[in-house]
Amino acid sequence: MAATTSFAQTKSLKIGEALPESIWSTPLQLVNHSQKTMTLNQDKEKLILLDFWATWCSSCLVNFPKMEELQKQFGDKIKIIPVSNQDRPTLEKFFATKNGQRYKQVVSVAGDKIFHQLFPHKGVPYIVWIKNGKLLNTTDAEQVTETSISEILGNKKSSLQTVTQIDKTRPLMLSENYDTEMETELQSFAFLSKGRIRALDFGTWFHRDKGKTYGRQFTNKSLLEIYRAIGYELFEQRGDVLSEKRMLNTIQQPENIDFNTNITSKETDAKLYSIDFIVPKSQADSLYSKMLRFINENTPYTVSLEKIVTQCLVLKRTSGKDKIATKGGVFVNKFLKTPSVLQNATLDYMLSALNVNKNITALPVIDETGYKGKVDLRFSNVNDIKTLQKELAQYDLALEEEERAILMLVIKDK
């Protein structure tokens, strides 16, 4: 009981601070081990790495084999301890699944509250480094390598970059001192950085109030991903739909903005952007146009929405007869299956499927049927454009190649 009382009074630790003495003798609940609990006493003199994880985190699971190999390589010099705040039944249920069986050798702390209080964080995997009983550093999992561990064990200068996770619900990098100001309200905010921010995940966030989006945040994204998201909103405001076919990347080095962000390397990290942009709530409708203007002003590229004459596939009706009206029934959207079926659905589902990528046709597909009702359609093979064009005739529909002036998202060098 004394240890519990001491822990309850413990605040989060800062780098360089010692762990409370009570922590070393506190029983920690375990899964995948013959013992139900353990303490850290026997590992106090080692380099300890707490590997925070969760069953839903695929990155955490992918990380386990690497951690296991490093533990074997360094033996008694280090102790790597997976830590989850999910309770033992939840973890045991996961390890009993087909996917979980692959990691059943992982001995993990379960139902943790102690370490989550000492080392608060929002995302996982999250690594806490403890040496000589003190908090040495906090990092992401990528920095746990043979080199980084050897540096610390050899008392050499560490190459570790501290990761103190950032609250994405706040404007990026805005000092918490601002929160103490009682007489002011943030009206607008703009932040743009190039290069990966390790304290943030790869994602996006919306600043919203009463259903209105007045701010948008992108973290560790390629510029093309950011352009695509903003363009989608701007196209929608104009009653149109952005697709890959409506993006025209004319820059001399397109790989600078268009690359696989799932492949982590120094080269790709250097090309990532993070942005947070907030407008007054009364100007929420102009958020995306102003955000695009801000990015244009502060990057080597310029992006615009332009009407350009383009070769398209145009969907038309060839007669006044209605051969596509639905007979009712359940909604079915299996347009991209074989056979292809649309039932009690609008033509939008067909157009979206044809425009989602360039697999079926590289040309933009536009609808000039004017048909707003729900339809029933069936085709043998929509993956072959010629077959689709032939079978459309039974419904008095045609898909014809013609030029049209359509809205495009154009990306240029300055």
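Which element supplies the largest share of the lining of the second largest pocket? The model is predicted, with local features needing pLDDT of at least 70 and side-chain atom pairs counting only at pLDDT 80 or more, while totals for chains, interfaces and linings use all residues. Residues are numbered from 1 along each chain as its sequence is written, and side-chain values use heavy atoms, with hydrogens and water left out.

The largest share of that lining, 4 residues, comes from α10 (helices, H or I, are DSSP runs of at least four residues and strands, E, of at least two, numbered from the N terminus). Two or more lining residues are given by each of α10 (348-355), β16 (365-367) and β18 (397-413). The second largest pocket has a volume of about 630 Å³ (the space filled by probe spheres set on grid points, which are joined across faces, edges and corners). A pocket is an open set of points on a 1 Å grid over the protein atoms alone, where a 1.4 Å probe fits, with protein on both sides within 12 Å along at least five of seven lines; lining residues have an atom within 4 Å of a point. Of the 24 lining residues, Asp240, Val241, Leu351, Asn355 and Val365 lie nearest the centre.

The largest pocket has a volume of about 880 Å³. Its lining comprises 29 residues, with Ser59, Val124, Pro125, Asp201 and Phe202 nearest its centre. Here α3 (58-74) provides the largest share, 4 residues, and β9 (203-209) supplies at least two.
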